[in-house]
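Subject: Structure for your review

Dear colleague,

Please find below the structure that I am handing over to you. A short account of the findings follows it.

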Amino acid sequence: MTTRKRKQYSPEFKAKVALAALKNEQTVAELAARYEIHPTMINTWKRNLLNGAADVFDKNRNQKKHMDTKVDELYRQIGKLKVENDFLSKKLNF
């Protein structure tokens with residue numbers, strides 16, 4: 001009994017095929033034959049591309065918000081450590 005491993009496609013390949021499908025220069029069946037993949041996969045990748053297209057433009061805003069949150073957390077930790085350090089240095093000088 002042999003097991004076949006599923007073929008993995010790179011994100012670049014998926015994007016290339018989905019964009020080709022969106023151009024409507026060839027039918028999905030023609031693209032499937034050209035790239036040797038099932039038409040259902042092309043339709044799925046095309047749908048994923050359309051659904052996720054807004055994220056391409058929103059991604060930077062989400063990353064900046066995440067970075068601001070991380071910076072705030074780090075400043076809080078620095079403040080806490082500074083207070084602890086000052087307290088301990090005063091106790092050692094006693």
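Helices (H or I, at least four residues) and strands (E, at least two) are DSSP runs, numbered from the N terminus. In these terms, T69 lies in helix α3.

The model is a predicted one: local features need pLDDT of at least 70, side-chain atom pairs count only at pLDDT 80 or more, and totals for chains, interfaces and linings use all residues. Residues are numbered from 1 along each chain as its sequence is written, and side-chain values use heavy atoms, with hydrogens and water left out.

Overall form

The protein chain has three helices and zero strands, in the order α-α-α from the N terminus. Its radius of gyration is 26 Å, whereas a compact globule of 94 residues would have one near 12 Å. This radius is taken over C-alpha atoms, and the globule rule is 2.2 Å times the number of residues to the power 0.38. Along the principal axes, the C-alpha atoms fill a box of roughly 85 × 45 × 15 Å.

Burial and the nonpolar core

Buried means under 20% relative accessible area, exposed over 50%, and partly exposed in between (1.4 Å probe, protein chains only). Of the 94 residues, 13% count as buried.

Which residues make up the largest nonpolar core? This core has 12 residues: Y9, F13, V17, A18, A20, A21, L31, A32, Y35, I37, I42 and W45. Helices α1 (11-23), α2 (28-35) and α3 (39-93) each supply at least two of its residues, and α1 gives the most, with five. A nonpolar core here is a set of buried Ala, Val, Leu, Ile, Met, Phe, Trp, Tyr and Cys residues joined through side-chain atoms within 4.5 Å. In soluble globular proteins, nonpolar side chains tend to be buried together.

One member of the core, L31, is in contact (heavy atoms within 4.5 Å) with V17, A20, A21, Q26, E36 and I42, leaving aside its neighbours within four places in sequence.

Two individual residues

R4 is placed in the segment before α1. R4 counts as exposed because its relative accessibility is 82%. Between R4 and V83 there are 60 Å in space, C-alpha to C-alpha, and the two are 79 residues apart in sequence.

The C-alpha atoms of T69 and D55 are separated by 20 Å, with the two residues 14 apart along the chain.

Yours sincerely,
A colleague
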